[in-house]
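Me: I would like to learn how to read the features of a protein model. Please take me through them step by step.

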Amino acid sequence: MALTIGGEFASNVDARFTMLDVLGCSLAAVTTSLKPLPAVPAASAPRLAARWWRRLDSLRVKLFLGIAGVNVLVVLAAYLVHGWSFDQGLSTYLNRADEARMAPLVERLAQGHAEHGSWQWLVADHEAWHAVLRDELGLPVGGKDRRDRAPNPAGGDADDDGRKGERESHGDSWSEGRLLLLDAHRQAQIGSQARADQALLLPIITSQGHVVGYLGRTPRRELVASLEGAISAQQGRQFAVIAAGMLGAVLVNAAVISGWLGRRLVVLGAAAAAVAQGDYAVRLPHQGHDELARLADDFNRMASSLQAAQRARQRWIADIAHELRTPLAGLQAEIEALQDGVRQPTPERFESLAQQVHRLTRLVDDLRLLSLSDLGALELRAEVLDLGELVRNFFDHPPVPCVGLQVQLDLADGRQPGLLVRADAVRLQQVLGNLLQNTLRYCDSPARLAVRVARQGRAVHLCWEDSAPGVSAADLPRLTERLFRVDDSRSRASGGSGLGLAIVRAMVEGHGGTLTPSASPLGGLAWDIALPGVGEEPFHG
């Protein structure tokens with residue numbers, strides 16, 4: 001049981017190096033799992049280092065090292081705290097055990113001092129001192145030998161150097177010169193004064209509460225070191241085994257987590273690279289409900305939006321080419337007929353050419369207006385105006401003949417503060433003109449139109465309702481898409497370019513308002529235009 005302090009230190013060092021060896025082997029396994037690089041010349045050493053760094057500078061390796069490193073530090077810290085707390089706890093336990101065992105001796109010495117009035121009854125009679133020790137501490141009767149003799153007050157003890165007293169056995173350690181008797185002034189009566197300065201003292205108090213002396217004991221260094229060494233070595237071996245198991249589990253766990261997360265991020269990175277190259281059809285598989293799964297869902301929605309935008313752009317280009325080709329083909333046919341002399345250059349022919357040019361110019365102007373709206377550069381000359389009065393003036397002098405159209409207006413008379421909006425009058429008249437052309441173009445004869453303006457909350461609403469035919473609920477959200485037609489077979493001459501309603505939406509949104517389509521009570525199509533009233537913030541209802 002008697003182990004040296006050096007043996008204890010060696011066992012602890014061996015345990016620590018065992019854990020470090022496990023960590024080193026695990027890190028070596030990670031690095032060797034990477035494919036070896038081919039041999040390169042010495043001049044290529046910087047490039048080789050850069051390539052190795054790129055391989056190690058990956059999220060998988062960083063996660064592994066981060067998780068494993070933190071857990072290794074935790075295990076090492078737990079080991080150090082465990083060893084420190086064990087040493088402190090053992091010393092405290094032994095000290096308390098000594099104090100508890102000497103409590104009866106302190107009480108006996110207090111009674112003896114009260115009976116004799118001094119410590120001479122022990123100093124002068126060595127047998128009395130040993131008898132008290134045997135009676136109160138339970139020492140064997142043969143404890144009186146040459147080592148148990150009490151020193152004289154002058155300190156002539158053969159054990160003054162404190163070295164013989166440290167060679168005690170566990171059974172008679174209490175009589176090996178460890179115990180000292182001091183008077184009230186802490187002067188040694190039994191034992192060496194030199195060792196009294198290093199001793200742990202217990203006060204001897206009489207029944208009247210007076211301190212008449214001290215019972216001192218020198219620390220049991222060899223015994224404490226022996227116990228600490230033996231138990232610490234055993235605990236160190238056990239903790240080393242536990243720590244090795246914990247480190248193995250930590251390293252495996254870190255490898256599994258980093259590998260799992262790394263694989264999912266590799267899939268995400270490959271999909272992102274595919275989208276960057278223009279493959280918008282790529283989709284990520286849905287796995288679980290964690291943050292990575294939500295990220296995959298967001299990525300899929302982004303890819304779907306990009307794919308839809310790509311298709312819309314392709315359709316937009318094709319439709320624009322078709323829209324431009326129609327008037328250009330008419331112009332080409334008319335000009336070739338004039339050149340070949342098939343038709344004569346009469347005023348009617350020039351009027352037909354002018355109509356084709358006008359249609360082409362209007363299409364180009366509409367495209368330019370929509371482009372400005374997309375860029376946020378749509379020019380608006382805003383002023384405070386009464387929306388009801390603007391609608392009335394528009395129908396008093398419509399831009400196109402309203403033959404066969406029955407119009408019903410529900411407008412407030414005069415300039416009403418509740419109907420005031422800050423808007424561009426020219427742009428709003430263009431909005432009304434496009435809606436009117438749409439009604440005249442598609443409503444069956446006799447056509448009816450109901451227009452009303454009213455204030456609802458913070459917004460001023462303009463409701464436009466025409467008669468049959470209507471539009472299916474599935475087509476309502478797409479009416480303001482560019483070049484969209486409910487009937488794709490409708491001729492461009494009668495059906496228009498398909499940009500009018502898109503322009504209406506762009507202008508309304510440019511004023512900070514909203515445009516909402518719905519089914520009309522008259523059997524046709526209804527439009528609700530909401531514009532922010534004067535003094536209100538832009539309306540986004």
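Me: Which helices and strand each supply at least two residues of the lining of the second largest cavity?

Reply: Rolling a probe the size of a water molecule over the atoms shows where empty space is left. A cavity is a set of points on a 1 Å grid over the protein atoms alone where a 1.4 Å probe fits but cannot get out, and lining residues have an atom within 4 Å of a point. Here, helix H10 (387-396), helix H11 (425-442) and strand E11 (523-532) each supply at least two lining residues; helices (H or I, at least four residues) and strands (E, at least two) are DSSP runs, numbered from the N terminus. H11 gives the largest share, 3 residues. The model is predicted: local features need pLDDT of at least 70, side-chain atom pairs count only at pLDDT 80 or more, and totals for chains, interfaces and linings use all residues. Residues are numbered from 1 along each chain as its sequence is written, and side-chain values use heavy atoms, without hydrogens and water.

Me: Which residues line the second largest cavity?

Reply: Its lining consists of Leu387, Leu390, Leu428, Val431, Leu432, Leu462, Ile529 and Leu531.

Me: How are the rings of Phe394 and Phe395 arranged?

Reply: A pair of aromatic rings is described by the distance of the centres and the angle of the planes. Rings of Phe, Tyr and Trp (its six-membered ring) pair if their centres lie within 6.5 Å; planes under 30 degrees apart count as stacked, over 60 as edge-to-face and the rest as tilted. The whole structure holds 2 aromatic pairs. The centres of Phe394 and Phe395 are 5.2 Å apart with the planes at 90°, so this pair is edge-to-face. Ring pairs join Phe394, Phe395 and Trp464 into a cluster.

Methods. 1 Å grid on protein atoms, 1.4 Å probe; cavity = no way out; pocket = protein on both sides within 12 Å on 5 of 7 lines; lining within 4 Å.
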